Amino acid sequence: MSEKHYDVLFSDKLGRYLVANKDLNAGSVIFTDTPFAFGPKQDSSPLCLGCYCPVENSVCSRCSWPICSEACEKSSAHQPECDALSAARVQFQPVQDWTEASPQLDCITPLRMLLAKERDPSRWQQEIDMMETHTEERKKQASWAADYNNIVNFLLNHCKLGARFTEEDIIRVCGIIAVNAVEIPSRGGYSTHAVYPQLAVAAHSCVPNIAHTILYNNYEVQVRAAIPIKAGDILYISYTHALSPTIVRREHLRESKYFDCECQRCADPTELGTHMSTIKCSKCDNGVILASDPLDNESKWKCTDLKCGFETSSAAMRKMLAVIQAEVDQLDALQPTPEAIEMREAFLEKYKSVFHPRHSILLSVKYTLAELYGRVEGYTIDELPDLMLERKVEMCRLLLTTLDVILPGDTRMRGMMLYELHAPLMYLARSEFSAGLITQEQLKTRLEEPMKCLAGAAKILQREDPQSPEGTIGFIASQSLEQLKASVESL
Ligand SMILES: C[S@@+](CC[C@H](N)C(=O)[O-])C[C@H]1O[C@@H](n2cnc3c(N)ncnc32)[C@H](O)[C@@H]1O
């Protein structure tokens, strides 16, 4: 067995957690892990239970649950539930719209966990049984009744599995999945989730120091140090979305993972100086509005200019964020067209007097815009005027300097932004050279930064699965780097 680079410790606050037992270099693999079980997430629309691609009116010839092909019908992932479902003669009920979320697949991942436990009780005992479930908190949630009906009741009474599993077994498995499963990046628009025994022990921080990559073929997860880690440091993963404001991240963690995050980023009203939660004061020109105590969910939000004295409630702040986030969600649903760029620019203009320029809501829109400029018809990179190239540079740099603080080190987001930054820098340098504004030597110097961006993007993104969007960009980045080097050498 290979040497372990971490120990598992326990504290009253974190439960079990991982600690590095030696110094680790940035980018080094700390451990790899394979899922105990994986499958569709809750509220998934019907997807193939073999390969998780979208399906429509296509079901398994044996159990009648969604399956796209003969190969998927025979896949090892589907076989155990196929046996159980066909023995009980419970069929997937045809749906009107196969793209709509349906609770029917909610039972599949819990069923897979239960069947895996039955097959390998010793792995269950050693790796899964001690996982946190937060059952008492989960029972108080509004979603409990639906979960009980769609999963517990369905497996016990419809699938007639009461002789093999107790109600308590099923409730426990649902809790293990809810608290411990990690999302597997989507293939073909559908994302699934998996329970990884080692990864699940890692504690959360909104400034994580590890990053993970999931490979497509066998769902192996590779967990790396994102930054240099010292022996004795806790290994932190992030359970939530990095580009969300504190109030939203903490609410998400409370509702989905049942704890109040008190990390350094959550505790600081300025989010470590990034101002990702900061609102501009509408009553004065001198101050900004910050939470007095971001770890108190009912904290007042106050203008930093004491003479202004403006204050508002957390409830009002939450409401405002929810309303504006709904606008962002609508933008995110748009196809990548010129209008999608223009509508996002209009959104930024509309809210620039409300939010700090690095507020999470604006940053997430800027992240998408940074990806769209250069990729959309009418806005392809060689069509962009210098002003728009500069706009793309400005947005990428804003994102990268923010990531330095909240997601330091080698993360997918950094890899993507480095890739996005290289192109406008290269085009701007060439355009200035063509206009006679810089010499050939100056051009060579100016092309050093895009080369560094490509090298960084290739290094980070080539760790991703080659078939994933990020892995594909990693490959393109390494090829573009070679081409750029050759063109600089020929100058
Ligand atoms: C994926 S599990 C992590 C492993 C877990 N501690 C165990 O013993 O199995 C997630 C749970 O760990 C705890 N946890 C993780 N990070 C935490 C943090 N930063 N603060 C408080 N609790 C945390 C919470 O109870 C959370 O629901």
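Colleague: Which residue is the bridge partner of Tyr6 in β2?

Modeller: In this predicted model, Tyr6 has Ala20 of β2 as its bridge partner.

Colleague: What makes β1 and β2 a pair of strands?

Modeller: Two strands pair if there are at least two bridges between them. Strand β1 (residues 6-11) and strand β2 (residues 15-20) are joined by six bridges, so they meet that cut-off. The two run antiparallel, and a hairpin of three residues leads from β1 to β2.

Colleague: How do you know that β8 pairs with β9?

Modeller: By the same cut-off of at least two bridges. Between β8 and strand β9 (residues 221-225) there are five bridges, in the antiparallel sense. Opposite Ile210 stands Ala225 in β9.

Colleague: Why are β3 and β8 called edge strands?

Modeller: The open sheet has three strands, in the order β3-β9-β8, with antiparallel pairing. β3 (29-33) and β8 (210-214) each pair on one side only, and that makes them the edge strands. From one strand to the next, the twist averages 20°.

Colleague: Why are α13 and α14 called roughly antiparallel?

Modeller: Helix α13 (residues 386-406) and helix α14 (residues 412-434) pack at an angle of about 150°. Angles over 145 degrees count as roughly antiparallel, and therefore α13 and α14 are given that description. Their axes lie 9 Å apart, and the crossing is left-handed.

Colleague: Which residues make the contact of α13 and α14?

Modeller: Among them are Leu389, Val393, Cys396 and Leu400 of α13, and Met417, Leu421, Pro424 and Leu428 of α14. Charged residues take part too, including Asp386 and Lys392 of α13 and Arg414 and Glu420 of α14.

Colleague: How do the residues of this contact divide into nonpolar, polar and charged?

Modeller: The contact of α13 with α14 has 13 nonpolar residues, one polar and five charged. Tyr427 of α14 belongs to the contact, and Tyr counts as nonpolar. Ser431 of α14 is in the contact as well, and Ser counts as polar.

Colleague: What are the domains of the chain?

Modeller: The domain assignment gives domain 1 (1-34 + 197-238), domain 2 (38-195), domain 3 (262-314) and domain 4 (317-489).

Colleague: How do you know that domain 1 and domain 2 touch, and what separates their centres?

Modeller: Residues count as in contact if their C-beta atoms lie within 7 Å. Seven residues from domain 1 and 12 residues from domain 2 are in the contact. The centres, taken over C-alpha atoms, are separated by 27 Å. On the side of domain 1 that touches domain 2, six residues are nonpolar, one is polar and none is charged.

Notes: Residues are numbered from 1 along each chain as its sequence is written. This is a predicted model: local features need pLDDT of at least 70, side-chain atom pairs count only at pLDDT 80 or more; totals for chains, interfaces and linings use all residues. Axes are lines fitted to C-alpha atoms, for helices over the stretch in contact, and angles run from 0 to 180 degrees between N-to-C directions. Helices (H or I, at least four residues) and strands (E, at least two) are DSSP runs, numbered from the N terminus. Angles under 35 degrees count as roughly parallel, over 145 as roughly antiparallel, 65 to 115 as roughly perpendicular and the rest as oblique. A crossing is left-handed if the near helix is turned anticlockwise from the far one by less than a right angle, and right-handed if clockwise. Two residues are in contact if their C-beta atoms, placed from the backbone, lie within 7 Å. Domain bounds come from an automatic or database domain assignment.
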